Amino acid sequence: MDKKEIVQRLNEDLSGEFSAIIQYLTYAAKTTGPYRPQLAQFFLAEVADEQLHAQFLANKIVALGGEPTTQPRPVAPAKTIREMVQAVIKAERTAIADYTQRVKDAEAFGDKGLVVQLEDMVRDESTHAEETERILRDWPL
Ligand SMILES: [Fe+2]
Ligand SMILES: [Fe+2]
């Protein structure tokens, strides 16, 4: 794992974080019905975490001599609240898998600080996924 390779993979992660920010912001706006107050607030609260992840990645890419991407991954289209919640779980599970792999990449690259930070991000995304799965678990509609 050389510097160019780790920068490229961190840029893929950065695209994912930009996508998560857009996804939560858009879904919060699109949330309607009696659960709108709580769900919109829940989605918007996630934006702060994803922004911190994006900020870390952009800074780390620059520190490694790379150019941070400005391109988000496409956001899954969703019409109903159920579809939105399901799409969020899928995106968070993807983030967990990506960062779990990235921890191994950072170990191979030999950057302990990056390993620790990425492990924190696995923890954050696991919390996001579990919270959202608990919303869906007893979804009444
Ligand atoms: Fe994130
Ligand atoms: Fe997340």
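**View 1. Iron ion (ligand 1) and its protein donors.** Donors are N, O and S atoms within 2.8 Å of the metal (3.2 Å for Na, K and Ca); water is not among the atoms, so sites may look incomplete. Along the chain, the donor residues follow E-x32-E-x2-H-x71-E. E50 belongs to helix 2 and E125 to helix 4, so this pair ties together parts 75 residues apart in sequence. Helices (H or I, at least four residues) and strands (E, at least two) are DSSP runs, numbered from the N terminus.

**View 2. Iron ion (ligand 2) and its protein donors.** E50 in helix 2 (residues 36–63) and H128 in helix 4 (residues 112–137) are 78 residues apart, and the pair links distant parts of the chain.

**View 3. E50 and the two iron ions.** Iron ion (ligand 1) and iron ion (ligand 2) are 4.0 Å apart. E50 coordinates both.

**View 4. Burial of E50, E125 and H128.** E50 is buried, at 1% relative accessibility. E125 is buried at 1%, and H128 at 3%. Buried means under 20% relative accessible area, exposed over 50%, partly exposed in between (1.4 Å probe, protein chains only).

**Notes.** Residues are numbered from 1 along each chain as its sequence is written, chains are lettered from A and ligands numbered from 1 in the order written. In this predicted model local features need pLDDT of at least 70, side-chain atom pairs count only at pLDDT 80 or more, and totals for chains, interfaces and linings use all residues, while side-chain values use heavy atoms, leaving out hydrogens and water.
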